[in-house]
Amino acid sequence: MLVLVEQSLNGLQFGLLLFLLAAGLTLVFGIMDFVNLAHGSLYMMGAYFAATFVAWTGSFVLGILLALGATLLLGILLEFIALRHLYGRDHLDQVLATFGLILFFNDAVRLIWGPAGLSLPLPAWLTVPVQIVPGVFYPAYRLSIIVVALAVAALLYVVVMRTRIGMLIRAGASNREMIGALGINIKLLFTLVFGLGAALAGLAGLMQAPILTVQIGMGENILILAFVIIVIGGIGSIRGAFLAAIFVGMIDTLGRAFLPDLLRTVLSSAAASTAAPALSSMLIYLLMAIVLVVRPEGLFPAAKR
Amino acid sequence: MKPHINASNVIAALVALCLTLLPLYSAATGNIFILTLFTRIVIFALAAASLNLIMGYGGMMSFGHAAYLGIGGYAVGILAYEGIGSGFIQWPVALAVSALYAFVIGALSLRTRGVYFIMITLAFAQMAYYVTSGLSRYGGDDGLTIYKRSNFAGLIDLSNRVQFYYLCLACLFGGVYLIWRIVNSRFGMVVQGVRSNEQRMQAIGFHANRYRLVCFVISGTICGLAGALLANNTDFISPATMYWTRSGDLMVMVILGGMGSLFGPVIGTIVFLVLEEVLSQFTEYWALIMGPLLLLIVLFAHGGIMGVLGRLSRA
């Protein structure tokens, strides 16, 4: 029972992290109609920036804030130099160009930081376990990820649904040409949305960094997961991304935690320990395949153009 | 349909000639490396050509084409591991399994369009990737070493570099010829018609998805053949063969050479892999140049190398 609570919390934490990544992706996709494979690279850059700035300033909080700003700037720069010329192009062109950017970022990181991974040590006040219900302890850092991600999700909701800029974003998602015709500076809006997406990806990366090592290619697996999430949730839908992300996070974590034991009841122990991780990784793709076959537009399709 | 004489066709013929004469050059100069490199290139060119059939002519953007490389390869590897060394069994099995996989995922994926199609093909390829990493009997994540290449009863010796190269080249030329015949057949015309305007084709009485599915299966089967060749070339097969970046590489090769041109993918593959080889000799960080180069190609060279050649020859 205790394990179940702990693993569910882990699943929730992973799901929320995935949401941060997927939210940026789905915003950019929904509004600019732009497939950005390099989103995972921004996630990686967020983690590398954080590891560097924390070591540099000696302060965890300051380092993370600097890293967040740096990823935001990098995103805006990337959009300004290269990606804005790809809006309105074929999706395939976008996939190809951003695939090139992945290659570039991976080698750029290898050149600057070297091939070995970095680690981002936590400050002492984040390593203590917290008692959430009597008898159940949970690492403070993972708990803080849940809190921060929920806060960001709430903030995103308020910004998108309750502010003028959010109104423009939603309008842009349903009809780009029209809001341009109404005199909105659509280029600026796009740059802003892209920067926001980059910052969210960076935030996800730097929050994940203390749990895993900061390494080259860390953004690639998780990028595919984020794509699965926005496809399950319906492209352009933040609400869909949120629910799908929690769902995927839970399935992934619980599958990894409980499938090995479950399989051991039917298979030999050795076969189960190889088959289980493979099977739990597959579950998510299976889910996506089923969703797409049953509802080809995802669970919560954004408003039709 | 008669071939015309224009810049792209002349280049294609020259490239085909050079590929045919390559072993002579290699023997004359004693440069074995170039033969090994080009064996790999020819195999990937076959895979890229098969991808071009559905991407360029069928309008189906598959982001999971590397799965067939893995499936074809594993069919050969697993049969060899179980003691069945005959190529007359291994290769038909590789083709049949690839065709079956293509049929199943095609039937499901073709319900979706556009980006959703890109993503669902990717998802299925990732599933195949994880299935093979879970095969503990066949090495799991670490992959499977193939100790003996496919045995064709003395007809051809796959361990002989030159013979193996010519076998790969014959498969490539055969594949490209097959695709040429398909594209110019009634069937191919329907598939291209569906790409241009699905509704109209439906309205005049064609089952668009049936034609698409058959095209998808043919493409997957050809790529499965490339997988069987690849496994024999490397004497090794691992899940990494079907990792999603490999599917991305295949897409790059097709688009670089020119999507929807018959010989474009072959040239794209040569340029991509040779560039990778040359750049990695200059610097360890070859992707620093390759990445932005891809971006520039997408931004400025529409239609890939063949597209640029076509424009040049008209100008």
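User: Let's start with chain B. How many helices and strands does chain B have?

Analyst: Chain B has 13 helices and two strands. Keep in mind that this is a predicted model.

User: And how compact is chain B for its 315 residues?

Analyst: As compact as a globular protein of that length, because its radius of gyration is 19 Å, close to the 20 Å that the globule rule gives. Along the principal axes, the C-alpha atoms of chain B fill a box of roughly 55 × 45 × 40 Å.

User: What share of chain B is buried?

Analyst: Buried residues make up 51% of the 315 residues.

User: What about contacts in chain B with a separation of 6 or more: how much comes from residues 24 or more positions apart?

Analyst: Those pairs account for 77% of the contacts in chain B with a separation of 6 or more.

User: OK, on to the interface. How many residues of chain B are in contact with chain A?

Analyst: On the chain B side there are 35 residues, in contact with 39 residues of chain A. Helices α5 (114-133), α10 (244-257) and α12 (287-300) of chain B each supply at least two residues of that side.

User: Which element gives the most to the side of chain B that touches chain A?

Analyst: α5(B) gives the most, with 13 residues.

User: How do the residues on that side of chain B divide into nonpolar, polar and charged?

Analyst: The side of chain B that touches chain A has 25 nonpolar residues, nine polar and one charged.

User: Switching to chain A. At what angle do α2 and α9 of chain A pack?

Analyst: Helix α2 (residues 39-57) and helix α9 (residues 218-233) of chain A pack at about 130°, and their axes are 8 Å apart. At that angle α2(A) and α9(A) are therefore oblique to each other. The crossing of α2(A) past α9(A) is right-handed.

User: Which residues make that contact between α2(A) and α9(A)?

Analyst: From α2(A) you have His39(A), Gly40(A), Ser41(A), Tyr43(A), Met44(A) and Ala47(A). From α9(A) the residues are Met218(A), Gly219(A), Glu220(A), Ile222(A), Leu223(A) and Ala226(A). By class, the contact of α2(A) with α9(A) has seven nonpolar, four polar and one charged.

User: And how does α2(A) pack with α8(A)?

Analyst: α2(A) and helix α8 (residues 186-208) of chain A pack at about 55°, with axes 7 Å apart. That pair is therefore oblique, and the crossing is right-handed.

User: Which residues of α2(A) and α8(A) meet there?

Analyst: On α2(A), they include His39(A), Tyr43(A), Met44(A) and Ala47(A). On α8(A), Ala198(A), Ala201(A), Leu203(A) and Gln208(A) are among them. The contact of α2(A) with α8(A) divides into 11 nonpolar, five polar and no charged residues.

User: One more helix pair. How do α9(A) and α11(A) cross?

Analyst: The axes of α9(A) and helix α11 (residues 269-294) of chain A come within 10 Å and cross at roughly 25°. α9(A) and α11(A) are therefore roughly parallel to each other, and α9(A) passes α11(A) in a left-handed crossing.

User: What meets what between α9(A) and α11(A)?

Analyst: Leu225(A), Val228(A), Val231(A) and Ile232(A) in α9(A) meet a set in α11(A) that includes Ile284(A), Tyr285(A) and Leu287(A).

User: Is Ala153(B) buried or exposed?

Analyst: Exposed: Ala153(B) has 8 other C-beta atoms within 10 Å, and the cut-off for exposed is 12 or fewer.

User: What is the phi of Asp235(B)?

Analyst: Near 55°, a positive value in a residue other than glycine. Asp235(B) lies in the loop between α9 (208-234) and β2 (236-237) of chain B. With 15 C-beta neighbours inside 10 Å, Asp235(B) counts as partly exposed.

User: Last one, Trp91(B). Which helix is Trp91(B) found in?

Analyst: Trp91(B) is in helix α4 (residues 87-109) of chain B. Trp91(B) counts as buried, with 21 C-beta neighbours inside 10 Å.

User: What does Trp91(B) touch, not counting residues up to four places away in sequence?

Analyst: On that basis Trp91(B) touches Ser150(B) and Ala228(B). As for Ile289(B), Trp91(B) is 198 residues from it in sequence and 38 Å from it in space, C-alpha to C-alpha.

Note on methods. Residues are numbered from 1 along each chain as its sequence is written. Chains are lettered from A and ligands numbered from 1 in the order in which they are written. This is a predicted model: local features need pLDDT of at least 70, side-chain atom pairs count only at pLDDT 80 or more; totals for chains, interfaces and linings use all residues. Two residues are in contact if their C-beta atoms, placed from the backbone, lie within 7 Å. Helices (H or I, at least four residues) and strands (E, at least two) are DSSP runs, numbered from the N terminus. Ala, Val, Leu, Ile, Met, Phe, Trp, Tyr, Cys and Pro count as nonpolar, Asp, Glu, Lys and Arg as charged, and the others, Gly among them, as polar. Axes are lines fitted to C-alpha atoms, for helices over the stretch in contact, and angles run from 0 to 180 degrees between N-to-C directions. Angles under 35 degrees count as roughly parallel, over 145 as roughly antiparallel, 65 to 115 as roughly perpendicular and the rest as oblique. A crossing is left-handed if the near helix is turned anticlockwise from the far one by less than a right angle, and right-handed if clockwise. The radius of gyration is taken over C-alpha atoms; the globule rule is 2.2 Å times the number of residues to the power 0.38. A residue is buried if 20 or more other C-beta atoms lie within 10 Å of its own, exposed if 12 or fewer, and partly exposed in between; C-beta atoms are placed from the backbone.
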